[in-house]
Amino acid sequence: MSGFEGMLCSAAATDIPLPGTATHVTGWLCVEQPGAWGRDVIGDEVLGPEITPELAARTAAARVRPTLIRRPGRNEFTGTRTVLIASSRPEGSWCERFEITDLKQLLDLDLHLLNGPPPGIGVPVHDPLVLVCAHGKRDQCCALLGRPIAAELATKYPGQVWECSHTGGHRFAPALVLLPSGLTYGRLDTAAAEEMVEAARRGEVSMTGLRGRSCYSPIEQIAELAVREHISAPTDALTVAPDTNPTDPTLAGAAIVTHRDGRRWRVTACPLAYPARQASCNATPKPIKALTLDTIHPLPS
């Protein structure tokens, strides 16, 4: 017995730290798909057998995250789909938006372009977009906790909020991602979610519920958050790189955070083990491993 039996996975994970848990993603392909979704993000039952294998292969080759999106609430499908392409990077993140009438048009995209500057395929998106995981077939916490947040945010920020398929980390539901920055959040209520959006509109970063920035590895995410807890910095003011110097073998790793004004910090993290519990609803309990901040030291500029 784990002691977490019968609990929703998000309720069983309240003691697991958020920093360092964002899924590592730099390129996003978000395709509007109204109605119900299957368990798999790209599956024959959703996009059909003609396009699924090829699109899956292409997104994997380009290291692009395929994501299904839909507008909050019930909406009749008009036959036209919105497509978002985005590149989340330490500096110069971008997002473009266009429409298609046939899913086969997705195969006309060179997804490797998402690893470079804006390709000019669609209209540039300047306001931050919010993806809220509502993938109930993947995990019920996302449906129960994500959909209400998406609906409320959509009322205040029309056209900027989308329900989305699995983003990773449903035990941190409601799980939200800001595009194009890739800033990933969890356990937000409506007020905190609105502050997240308002901060992004100002070019700033809300720290409440912040899990990390998707362009970074877990240790790099923790390093960035640790520095942001000490200083106020615009979204793109900090860059993070792994520390290539030898480190204490008992540590999980180290990273160097650099401010564009020249300031630098070395941040280390330690592994932390938690008692076994379900990582998703109704799953078999497994031991949980996480990273936690160890030290943060200023370096010579």
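Helices (H or I, at least four residues) and strands (E, at least two) are DSSP runs, numbered from the N terminus. The structure is a predicted model, in which local features need pLDDT of at least 70, side-chain atom pairs count only at pLDDT 80 or more, and totals for chains, interfaces and linings use all residues. Residues are numbered from 1 along each chain as its sequence is written, and side-chain values use heavy atoms, with hydrogens and water left out.

**View A. R187 in the loop between β9 and α5.** R187 is not a glycine, yet its phi is positive, at about 60°. Most residues other than glycine have a negative phi, and most peptide bonds are trans. R187 has a relative accessible area of 32% and is therefore partly exposed; the term buried means under 20% relative accessible area, exposed means over 50%, and partly exposed lies in between (1.4 Å probe, protein chains only).

**View B. N282 in the loop between β13 and β14.** Strand β13 covers residues 264-277 and strand β14 covers residues 286-299. N282, which is not a glycine, has a positive phi of about 70°. Its relative accessibility is 74%, so N282 counts as exposed.

View C. P174 belongs to the loop between β7 and β8, the latter being residues 176-179. P180 is placed in the loop between β8 and β9, where β9 is residues 183-185.

**View D. The salt bridge between R70 and E163.** A salt bridge is a side-chain nitrogen of Lys or Arg within 4 Å of a carboxyl oxygen of Asp or Glu. By this rule the model has a count of 12 salt bridges. In the pair shown, the side chains of R70 and E163 meet at 2.8 Å, N to O. The pair links distant parts of the chain, 93 residues apart: R70 is in strand β2 (residues 64-70) and E163 is in strand β7 (residues 161-164). R70 has a relative accessible area of 10% and is therefore buried. E163 counts as buried as well, because its relative accessibility is 7%.

**View E. The salt bridge between E224 and R228 in helix α6.** The N to O distance between the two side chains is 3.0 Å. Because E224 and R228 are four residues apart in helix α6 (residues 218-230), about one helical turn separates them. E224 is buried, with a relative accessible area of 1%, and R228 is buried at 6% relative accessibility.

**View F. A network of salt bridges linking E195, R202 and E204.** E204 has 36% relative accessibility and so counts as partly exposed. R202 counts as partly exposed too, at 47% relative accessibility.

**View G. Helices α4 and α5.** Helix α4 comprises residues 140-156 and helix α5 comprises residues 190-201. Their axes come within 10 Å and cross at roughly 45°. Axes are lines fitted to C-alpha atoms, for helices over the stretch in contact, and angles run from 0 to 180 degrees between N-to-C directions. The two helices α4 and α5 are therefore oblique to each other (angles under 35 degrees count as roughly parallel, over 145 as roughly antiparallel, 65 to 115 as roughly perpendicular and the rest as oblique). The crossing in which α4 passes α5 is right-handed; a crossing is left-handed if the near helix is turned anticlockwise from the far one by less than a right angle, and right-handed if clockwise.

**View H. A nonpolar patch on the surface formed by L8, L144 and L145.** Together these residues have about 230 Å² of accessible area. Accessible areas come from the Shrake-Rupley method with a 1.4 Å probe, and for residues only the protein chains shown count as cover. Patches are made of residues with over 30% relative accessible area and no salt bridge; like charges are joined within 9 Å, and nonpolar side chains (Val, Leu, Ile, Met, Phe, Trp, Tyr) within 5 Å. L8 lies in the segment before α1, which is residues 9-12. L8 has a relative accessible area of 31% and is therefore partly exposed.
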